[in-house]
Amino acid sequence: MSWGTELWDQFDNLEKHTQWGIDILEKYIKFVKERTEIELNYAKQLRNLSKKYQPKKNSKEEEEYRYTACQAFLSTLNEMNDYAGQHEVISENMTSQITVELARYVQELKQERKSHFHDGRKAQQQIETCWKQLESSKRRFERDCREADRAQQYFEKMDADINVTKADVEKARQQAQIRHQMADDSKADYSSYLQKFNLEQHEYYHTHIPNIFQKIQEMEERRIERIGESVKTYAELDRQVIPIIGKCLDGIVKAAESVDPKNDSQLVVEAYKSGFEPPGDIEFEDYTQPMKRTVSDNSLSNSRGDGKPELKFGGKSKGKLWPFIKKNKGATPEDFSNLPPEQRRKKLQQKVDELNKEIQKEMDQRDAITKMKDVYLKNPQMGDPASLDHKLAEVSQNIEKLRLEAQKFEAWLAEVEGRLPARGEQSRRQSGLYDTQSAPAVNNCAQDRESSPDGSYTEEQSQESEVKVLATDFDDEFDDEEPLPAIGTCKALYTFEGQNEGTISVVEGETLYVIEEDKGDGWTRIRRNEDEEGYVPTSYVEVYLDKNAKGAKTYI
């Protein structure tokens with residue numbers, strides 16, 4: 001099947017068809033180009049998404065990624081970044097192997113198509129010229145034949161007329177001969193042009209046009225084949241990155257399988273363990289005897305011996321009193337004595353490790369300077385050894401300073417871990433704290449109160465049973481947290497003078513915000529404003545909880 005033989009008379013239609021083929025190829029190029037732009041945008045959005053959720057350096061988020069679940073999430077973010085890179089590879093390869101190559105091929109195709117149809121039009125012009133020459137010779141032959149016939153008829157008429165002179169007859173005869181000769185010449189020309197045209201026409205329809213159309217057909221088939229190859233390349237470029245994308249997904253699955261709930265639970269213990277012991281049992285105090293109430297020997301009332309009435313938190317041992325201490329927003333003590341024992345030990349250990357790293361860094365710097373000084377001693381032209389003495393002395397001083405600092409923190413760490421005896425006031429404070437952990441806990445303050453006839457408690461009655469909290473110098477590890485949200489409101493039923501640390505004074509009828517409910521110890525945590533919050537006896541206030549507030553409980 002050949003276009004030259006089958007479509008010998010469809011020159012114009014073939015011209016339209018080949019132009020349509022080029023339009024299809026350009027449309028496919030545009031499609032691939034838009035796909036590459038989509039891949040680039042998708043990769044960019046994936047990278048931005050991964051970057052958005054990456055933990056910020058030197059922030060609290062970075063500490064959260066100690067947990068295996070967070071590490072799995074971080075691995076997912078990193079794998080998604082690599083995943084985005086594969087989409088960039090797809091875009092780059094499609095641009096270089098399809099878009100650029102096809103764009104170049106389209107230009108070559110247009111030039112080739114133009115050349116073939118130019119040759120076709122040239123052949124058409126040639127056959128049209130031969131046809132015009134044939135028509136012209138034919139008309140001339142026809143005209144000369146008519147002229148020759150008229151000249152012959154005129155001669156015969158003159159020859160038959162007896163009145164015409166012999167000279168006129170001769171002249172007519174010669175004219176007829178001339179016309180016949182011209183007719184014969186025109187006939188010869190016409191015959192020659194006819195043979196020439198037939199030859200040209202045969203060459204045109206059986207040689208020139210078939211050859212040109214065959215080249216156009218081959219050109220068109222190459223175009224079709226090129227589109228097929230490009231479509232295959234399009235799929236292969238996608239297929240090439242599938243193994244790498246699979247590895248990214250495998251990495252995510254592996255990270256997911258590494259999630260260890262037990263390990264994360266242990267990390268929570270290590271992060272928040274205070275080191276305190278749970279409170280002991282509360283002793284029974286007999287009020288049936290008509291005698292003055294006294295606080296049990298195991299309570300906290302005699303811990304300071306200042307003779308002042310002291311506030312007693314029922315059901316709480318000394319080891320559990322630290323959450324009730326008003327938070328100190330000032331500078332953190334150097335020895336982290338504001339923290340519970342376990343948290344303090346961790347902070348001190350972390351500080352010792354940091355100092356040891358700094359010492360090692362300074363020692364490496366000292367070794368480097370010493371080596372450089374030796375080089376200068378052996379090769380004075382390279383530098384003056386004395387110029388390094390000042391720097392060497394400065395580094396040595398830094399090392400000594402850091403060692404002293406490390407020894408100081410190691411001593412504090414030894415105190416906490418019990419390797420060395422405690423010293424000074426800190427020792428007395430800690431030993432007193434740990435002694436009370438094994439002692440029986442104090443009684444609930446609600447049991448120390450006497451009710452008034454109407455069932456409420458009076459300020460005077462409550463003050464009799466107040467036991468002053470043993471003041472400790474440490475705060476809890478949640479100093480940096482946001483203030484607790486209000487979970488309701490309360491109205492003060494009686495006036496309460498909060499003279500002890502951790503409590504807050506209220507006036508009868510005053511309305512305040514509740515930020516923590518009574519947890520069974522007889523105290524409610526309230527807030528007046530951003531800077532004033534503390535505990536009041538639960539029986540001194542009437543609480544209205546917001547059912548929609550987070551953590552609020554519903555009471556029936």
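A residue counts as buried when its relative accessible area is under 20%. With a value of 3%, Cys130 therefore falls in the buried class, while Cys70, at 24%, is partly exposed. The model discussed here is a predicted one. As for the cysteines, a search of the whole structure turns up 0 disulfides.

Salt bridges come next, and there are 22 of them in the count. One of these joins the side chains of Glu39 and Arg35, with N and O 2.7 Å apart. The two residues sit in helix α2 (residues 11-52) and are 4 residues apart, so about one helical turn separates them.

Lys373 forms a salt bridge with Asp389, and their closest N and O atoms are 2.6 Å apart. This pair links distant parts of the chain, since Lys373 belongs to helix α7 (residues 341-378) and Asp389 to helix α8 (residues 389-417), 16 residues apart. Lys373 has a relative accessible area of 22% and so counts as partly exposed; Asp389, at 34%, is partly exposed as well.

Helix α7 itself is worth a look. Its 38 residues reach 55 Å from the first C-alpha to the last, close to the 56 Å expected at 1.5 Å a residue. Its buried residues start with a run of Pro341, Glu342, Gln343 and Arg344. Also on the buried list for α7 are Leu348, Val352, Leu355, Ile359, Glu362, Ile369 and Tyr376.

Turning to the aromatic side chains, the structure holds 13 aromatic pairs. One of them, Phe141 with Tyr190, is stacked, with 5.9 Å between the centres and 10° between the planes. Phe141 lies in helix α4 and Tyr190 in helix α5 (residues 166-257), so this pair ties together parts that are 49 residues apart in sequence. Tyr204 and Tyr205 pair up in an edge-to-face way instead, at 4.7 Å centre to centre and 85° between the planes. Tyr204 is buried, with a relative accessible area of 7%, whereas Tyr205 is partly exposed at 31%. Elsewhere, Tyr494, Phe496, Trp523 and Tyr540 come together as one aromatic cluster.

Finally, the surface carries a nonpolar patch made up of Leu49, Tyr53 and Phe73, with about 280 Å² of accessible area together. Of these residues, Phe73 is found in helix α4 (residues 68-160). Phe73 has a relative accessible area of 36% and is thus partly exposed. Membership of such a patch calls for over 30% relative accessible area, so the 36% of Phe73 clears that cut-off.

Key. Residues are numbered from 1 along each chain as its sequence is written. This is a predicted model: local features need pLDDT of at least 70, side-chain atom pairs count only at pLDDT 80 or more; totals for chains, interfaces and linings use all residues. Side-chain values use heavy atoms; hydrogens and water are left out. Patches are made of residues with over 30% relative accessible area and no salt bridge: like charges are joined within 9 Å, nonpolar side chains (Val, Leu, Ile, Met, Phe, Trp, Tyr) within 5 Å. Accessible areas come from the Shrake-Rupley method with a 1.4 Å probe; for residues, only the protein chains shown count as cover. A salt bridge is a side-chain nitrogen of Lys or Arg within 4 Å of a carboxyl oxygen of Asp or Glu. Buried means under 20% relative accessible area, exposed over 50%, partly exposed in between (1.4 Å probe, protein chains only). A disulfide is a pair of cysteine sulfur atoms within 2.5 Å. The expected span of a helix is 1.5 Å times one less than its number of residues. Rings of Phe, Tyr and Trp (its six-membered ring) pair if their centres lie within 6.5 Å; planes under 30 degrees apart count as stacked, over 60 as edge-to-face and the rest as tilted.
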